[in-house]
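Me: I would like to learn how to read this model feature by feature, with the general idea first where there is one and the particular case after it.

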Amino acid sequence: MSPAPGPVPGGLVGRGRELALLGSWLDRARAGVGRLVLCAGEPGIGKTRLAQELADRARADAVPVAWGACTEAEDAPALWPWRQVLSGLGVDLAAVLSGAAGSVEDRFRAVDAVGRALRDAARPAGLLVVLDDVHRADPASSAVLRHVAVAAPSSGVLLFAAHRDREPGPADLLPDLAGAPGAERLDLRPFGLAEVAEQLAATAPGTDATRAAEVLRVTGGNPLFVREVARAIADGIWRPERPPRSVLDAVGARLARLRPEARDLLRTAAVLGRDVSVPVLAAASTRPVAECGVLLDELAGHGLVDPVGPGSFRFSHVLVRDAVEAAMPTPERLDRHRAAARALAEGDGAADHVADIARHWRVLAAYGDGEQARRWTVRAADDAVARLAPAEGARLYGLALDLGATGAERCRLLVARGEAASVAGDLTAARDAAVEASRWALAAGRTDLAGEAALVLDAVPDPAINAVARDLVEGALALVADGHEAMRARLLARRSQLAFYDGDQDRVATTSARALALARELPGADRDPALSAALRARYEACPGPAGLAERVGLAGEMVALGRRSGTPRTSMWGEIWTVETMVESGRLAEAAEELAALDVAVERVGGPVAAWHADRVRAGVLQARGRYEPAAAAAQRAFDRMSPVEPVPAVGAFFGFHAALSTHVGVRPEVRPFLDRPFDPPPRFRVQYLVVRASVLVAAGDPDRAAASYEQAGPPSGWELPVFFVVPALTCAALVCGALGRHGELATMLARLEPHRGEQVSGGGVFSRGPVELSLGRGALDLGRLDAAVDDLQAAGEIAARCGAPGFVAEARHHLARALDARGAPGDRDRAVVANAEAERLARALGMATYVGLTAALGDRLRAAREPGLTPRESEVAALVGEGLSNRQIARRLTISERTAESHVQHVLTKLGFSSRSQIAVWSFGAGRPHPAP
């Protein structure tokens with residue numbers, strides 16, 4: 001039973017039930033089981049007061065407490081609430097919140113680093129983290145909060161996240177948080193009459209019931225309003241005949257009771273913002289820190305500010321701050337803003353306050369000082385991007401643009417805004433900024449700026465964005481003159497990537513070749529960035545089996561470039577390509593050995609995106625080698641890392657991997673939700689997705705839905721497939737057509753696969769489907785072309801064995817046995833027994849759930865059709881041969897002479913039609929005969 005609401009220690013009224021729940025969750029956190037608590041309510045409902053009571057209890061139990069607040073000012077420094085939390089825990093901010101401005105990997109490495117810091121702080125006594133006003137969280141802070149919330153149950157961190165339930169927040173943040181593991185929600189409701197009366201009794205003793213009902217009517221039960229009115233009643237400044245319109249009246253009346261120096265300090269604090277650092281306040285007010293501390297304690301005693309940590313206070317409510325600032329005449333308010341800006345800029349910690357300094361100068365910009373405002377706002381934007389908050393950087397660059405930037409300066413700011421918006425995922429803002437910057441640069445003949453503007457937009461799955469990017473790149477290329485070869489190489493590389501997304505493979509081939517040739521000839525420091533971009537464009541230009549040889553060379557060149565330049569990301573791509581090309585070449589053992597070098601490169605880059613690449617490549621190698629459980633685990637890690645960052649590639653790689661895996665082990669539980677809730681891929685990948693989904697539905701034993709998915713792809717003659725996925729798509733389609741009896745289309749798929757004999761079916765380092773001969777053989781078997789099926793399946797098994805792919809050996813040998821059994825030529829059924837037995841042995845050893853049942857059923861049928869008539873003793877001898885025993889060992893085991901054992905073995909060979917003991921061993925395993933006890 002939940003405890004009833006009521007008074008609690010510390011004088012907090014009406015929140016007994018909530019505090020009891022929080023106390024129990026705090027105890028769980030001390031035991032190592034954290035959670036997220038979403039505390040919702042209107043302003044003044046008591047969220048912060050409740051958190052303060054919880055923090056007092058935590059400190060009493062020796063649990064560390066850290067506070068952070070998402071400030072209500074638009075000019076909050078990047079990741080401000082987490083910077084507060086980490087500072088409170090003594091964490092080095094520079095080591096955690098830093099990295100390359102445009103790097104997705106660095107941004108999400110910082111997310112991981114915050115999570116690790118909190119987990120470390122939670123050992124061994126747990127940790128309470130209070131975050132206020134999370135509905136105002138910037139995108140970077142939201143990403144950290146999502147990550148920490150998901151990890152909370154296993155970290156011992158109790159997250160108390162307060163937010164207003166009637167104000168818009170970051171899109172999907174609060175619903176996402178509510179779905180985090182173990183998340184709890186506390187909805188704080190206004191006081192009723194009993195709680196109002198209790199508050200009045202505590203603050204203004206002697207207040208009668210009639211007055212309580214009137215206060216409830218005036219305040220609506222908002223606890224902050226109730227307390228403020230109660231204080232006004234106690235102070236004798238509240239009149240029933242003239243009730244305050246809002247708490248602002250109560251606050252304004254109380255300000256008159258302050259000492260002049262306290263009131264003056266409060267005015268400076270109101271200009272600084274809701275959260276106030278004592279050293280900053282001292283500098284802005286030109287008062288000693290000690291004097292500020294004394295005055296702030298006085299203000300706290302009046303309930304106007306609250307201490308929130310060492311040397312830090314915050315206004316008890318935003319309305320308190322508003323009331324103070326509104327009471328100031330405009331000249332006084334501007335003077336205090338100017339004093340605050342100068343004090344912050346001249347202090348030792350100016351680098352930590354660039355956003356605040358910029359905010360103060362922007363207030364003054366309307367009255368002059370626009371250049372100062374623009375300069376500091378640009379610095380604040382640069383700082384936000386450097387601190388891995390590109391969305392905030394884009395916003396601040398926009399504000400700087402509105403402060404009178406013109407000419408080349410405006411163009412540079414537009415490029416910076418576009419790059420930040422692009423990294424933040426706001427492609428519309430990036431497009432608009434790039435277009436405006438390009439327009440000015442082209443008109444001014446500025447090759448450098450036109451090129452940078454054109455490179456703002458990456459090639460993406462969105463055709464509309466790519467169309468704009470294409471126009472910008474071509475406009476910049478037309479302007480590039482001699483002496484700008486590095487820019488030309490980068491632009492050509494980007495043009496090639498755009499053509500790749502357009503499906504214009506001819507342009508991809510020619511343009512990427514030009515970019516690479518130009519980059520290879522560049523001298524000096526400009527060469528390496530241009531060469532890296534050109535190599536990536538060229539790698540995309542030669543996909544599939546036909547481009548394998550060139551991609552092998554490109555991989556080696558990229559590895560060498562990474563070593564020479566010392567660029568971790570370049571080295572990572574070189575290692576990824578090396579493993580991918582090894583898998584496509586059938587060099588699986590070498591690919592597995594190369595994973596160690598890939599791990600080193602990925603570790604240097606850091607972050608979940610780089611780790612995603614490592615995990616998805618590792619999953620593909622393990623799947624190809626028949627190590628299905630570790631492969632599935634790596635694929636799951638990859639998906640978990642990437643899905644919060646870039647869901648489209650995360651889902652595509654995960655689904656493609658499981659489509660291949662399902663052929664051998666069946667459809668695993670983690671992929672079934674993707675069958676029930678179909679994924680909506682970009683248009684260029686629609687046919688590919690529908691065909692792959694149909695193959696998974698075949699593996700799931702759902703032919704009706706498989707047929708529906710396949711038919712949604714349209715007639716195969718009209719399919720538009722990405723060039724890198726043609727062979728895997730044809731392989732999936734052949735499997736689906738064979739399973740559904742669509743023999744005409746199956747024959748077409750086999751004809752299209754025919755030119756690819758000798759190649760591996762590989763999905764770009766994500767999965768493998770074995771040699772092409774395996775698909776050709778299976779398709780021929782489904783069509784009744786038995787001679788072709790036997791030849792191709794025999795070859796497929798041999799190729800897979802040479803590659804070190806035992807799962808595909810088992811698949812090929814089982815279907816070879818089927819083909820031999822169906823053909824029934826002399827000796828075919830004997831060969832079928834041997835082939836199927838080998839398939840069954842491998843399937844059991846590898847855990848191939850699909851083929852264990854298939855091989856066992858075929859083995860039973862083959863034995864029923866071909867009973868050799870062995871005697872009981874001969875059956876015993878055959879079983880012992882299957883154990884690998886020699887004639888002498890068999891004689892000892894059965895207590896017979898060695899000559900008799902040799903005779904029995906010869907009889908078994910004759911009856912089974914075999915020529916070697918190894919054939920007996922394979923047959924014995926496949927027959928499933930009981931082996932004699934030793």
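Me: Among contacts between residues at least 6 apart in sequence, what share joins residues at least 24 apart?
Reply: The model is a predicted one, and in its chain 65% of the contacts between residues at least 6 apart in sequence join residues that are at least 24 apart. The chain has 934 residues, of which 54% count as buried, and its C-alpha trace spans about 115 × 80 × 45 Å along the principal axes. There are 46 helices and ten strands in this chain.

Me: How should I read the packing of two helices, and what are the angle and the axis distance for α13 and α16?
Reply: Two packed helices are described by the angle between their axes together with the distance between those axes. Here helix α13 (residues 278-285) packs with helix α16 (residues 330-346) at an angle of about 120°, the axes being 8 Å apart, and α13 and α16 are therefore oblique to each other. The crossing in which α13 passes α16 is right-handed. On the α13 side the contact is made by Val280, Ala283 and Ala284, and on the α16 side by Ala339, Ala340, Ala343 and Leu344; by class, this contact has seven nonpolar residues, with no polar and no charged ones.

Me: In what order do the five strands of the open sheet run, and which stand at the edges?
Reply: The order is β2-β3-β4-β1-β5, with parallel pairing. The edges are held by β2 (65-69) and β5 (184-187), each of which has a single partner strand, so one side of each is left without a neighbour in the sheet. From one strand to the next the twist averages 15°. Within the sheet, β3 (residues 127-132) and β4 (residues 157-164) pair in the parallel sense over five bridges, and leucine 127 stands opposite valine 157 in β4. Helix α3 (residues 80-88) packs on the sheet, where it touches β2, β3 and β4, and its direction makes about 160° with that of β2.

Me: Which backbone values deserve a second look?
Reply: Most residues other than glycine have a negative phi, and most peptide bonds are trans. In this chain, a cis peptide bond with omega of about 0° joins arginine 123 and proline 124, and proline 124 lies in the loop between α5 (104-121) and β3. Alanine 62, in the loop between α2 (47-60) and β2, has a positive phi near 65°; with 56% relative accessibility, alanine 62 counts as exposed.

Me: Where is threonine 895 found, and is threonine 895 buried or exposed?
Reply: Threonine 895 is found in the loop between α44 (887-894) and α45 (898-912), and its phi, near 60°, is positive. Because its relative accessibility is 70%, threonine 895 counts as exposed.

Technical notes: Residues are numbered from 1 along each chain as its sequence is written. This is a predicted model: local features need pLDDT of at least 70, side-chain atom pairs count only at pLDDT 80 or more; totals for chains, interfaces and linings use all residues. Side-chain values use heavy atoms; hydrogens and water are left out. Axes are lines fitted to C-alpha atoms, for helices over the stretch in contact, and angles run from 0 to 180 degrees between N-to-C directions. Helices (H or I, at least four residues) and strands (E, at least two) are DSSP runs, numbered from the N terminus. Angles under 35 degrees count as roughly parallel, over 145 as roughly antiparallel, 65 to 115 as roughly perpendicular and the rest as oblique. A crossing is left-handed if the near helix is turned anticlockwise from the far one by less than a right angle, and right-handed if clockwise. Contact means heavy atoms within 4.5 Å. Ala, Val, Leu, Ile, Met, Phe, Trp, Tyr, Cys and Pro count as nonpolar, Asp, Glu, Lys and Arg as charged, and the others, Gly among them, as polar. Two strands pair if DSSP finds at least two bridges between them. Buried means under 20% relative accessible area, exposed over 50%, partly exposed in between (1.4 Å probe, protein chains only).
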